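Please look over the sequence and the model before reading on.

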Amino acid sequence: MNKINLINLYNQQASLDALIAKNHQISYETTFNRRLLAFMVELGELANETRCFKYWSNKGPSSKDTILDEFADALHFLLSLGIPLNANKFHYQMYGKKIPLEAQFINLYRLGADLLDNYNLDNYYLVMQELLNLGAMLSFEPREIEAAYLKKLSINYARQANNY
């Protein structure tokens with residue numbers, strides 16, 4: 001079981017979100033549905049790279065780096081969804097559940113969709129916990145998750161600087 005501290009990532013995400021809000025004249029309130037959908041899309045891209053649901057194919061998963069990159073994308077949007085709630089739970093235990101990966105993805109979709117009607121801290125923390133559990137199921141260490149997040153953060157700042 002691994003522990004992860006997300007305080008730095010929340011702070012970094014809040015700074016990026018502030019820049020994006022300024023650059024695009026948007027707010028958390030006006031982008032909630034788009035941020036939630038973006039999380040779901042990135043979760044789907046992550047599932048696609050793991051290939052865990054592709055029962056019709058013998059091709060294995062993408063590289064660990066590619067899967068970690070997609071995980072970081074999903075984490076970006078989930079962190080962003082927590083900021084307007086003033087999410088202040090920064091320490092999580094990451095544990096690999098003994099269920100198939102596809103079941104964990106479905107679980108995350110259900111929990112994520114529940115945020116649409118029940119956007120509150122308890123539900124948000126549950127989604128974050130299950131995303132981090134997925135990370136453990138994918139054999140990601142906390143330091144790898146943070147490094148992948150920071151790498152993508154740098155790319156996202158560059159994109160904002162170049163009118164992405």
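Leaving aside neighbours within four places in sequence, Leu6 is in contact with Leu79, Phe90, Tyr92, Met128 and Leu132. The model is a predicted one. Leu6 also belongs to the largest nonpolar core, where Leu6 is among the residues that touch the most other members.

**The nonpolar core**

- The largest nonpolar core has 44 residues, and those touching the most other members are Leu6, Tyr10, Phe39, Tyr124, Met128 and Leu131.
- At least two residues of this core come from each of H1, helix H2 (28-50), H3, strand E2 (91-94), helix H4 (101-117), helix H5 (121-137) and helix H6 (142-161).
- With nine residues, H3 gives the most to this core.
- In soluble globular proteins, nonpolar side chains tend to be buried together.

**H1 against H3**

- Helix H1 (residues 7-24) packs on helix H3 (residues 64-82) at an angle of about 85°, and their axes are 9 Å apart.
- Angles of 65 to 115 degrees count as roughly perpendicular, so H1 is roughly perpendicular to H3.
- On the H1 side the contact holds Leu9, Tyr10, Gln13, Leu16 and Asp17, which meet Leu75, His76, Leu79, Ser80 and Gly82 of H3.
- By class, the contact of H1 with H3 has five nonpolar residues, four polar and one charged.

**H2 against H5**

- The axes of H2 and H5 cross at roughly 15° and come within 13 Å.
- Angles under 35 degrees count as roughly parallel, and H2 and H5 are therefore roughly parallel to each other.
- The crossing in which H2 passes H5 is left-handed.
- Phe39, Leu43 and Leu46 of H2 meet Val127, Leu131 and Leu134 of H5.
- Six nonpolar residues make up the contact of H2 with H5, with no polar and no charged residues.

**H3 against H5**

- H3 and H5 have axes that come within 11 Å and cross at roughly 165°.
- Angles over 145 degrees count as roughly antiparallel, so H3 and H5 are roughly antiparallel to each other.
- H3 and H5 also make a left-handed crossing.
- From H3, the residues Phe71, Ala74, Leu75, Leu78, Leu79, Leu81 and Gly82 meet Tyr124, Val127, Met128, Leu131, Leu132, Leu134 and Gly135 from H5.
- The contact of H3 with H5 divides into twelve nonpolar residues, two polar and no charged.

Notes
Residues numbered from 1 in each chain as written. Predicted model: local features only at pLDDT ≥ 70, side-chain atom pairs only at ≥ 80, totals over all residues. Heavy atoms only, no water. Axes fitted to C-alpha atoms, helices over the stretch in contact; angles between N-to-C directions. Helix = DSSP H or I, 4+ residues; strand = E, 2+ residues; numbered from the N terminus. Contact = heavy atoms within 4.5 Å. Nonpolar A, V, L, I, M, F, W, Y, C, P; charged D, E, K, R; others polar. Core = buried A, V, L, I, M, F, W, Y, C linked by side-chain atoms within 4.5 Å. Buried < 20%, exposed > 50% of the residue type's maximum accessible area, 1.4 Å probe, protein only. Left-handed = near helix turned anticlockwise from the far one by under 90°.
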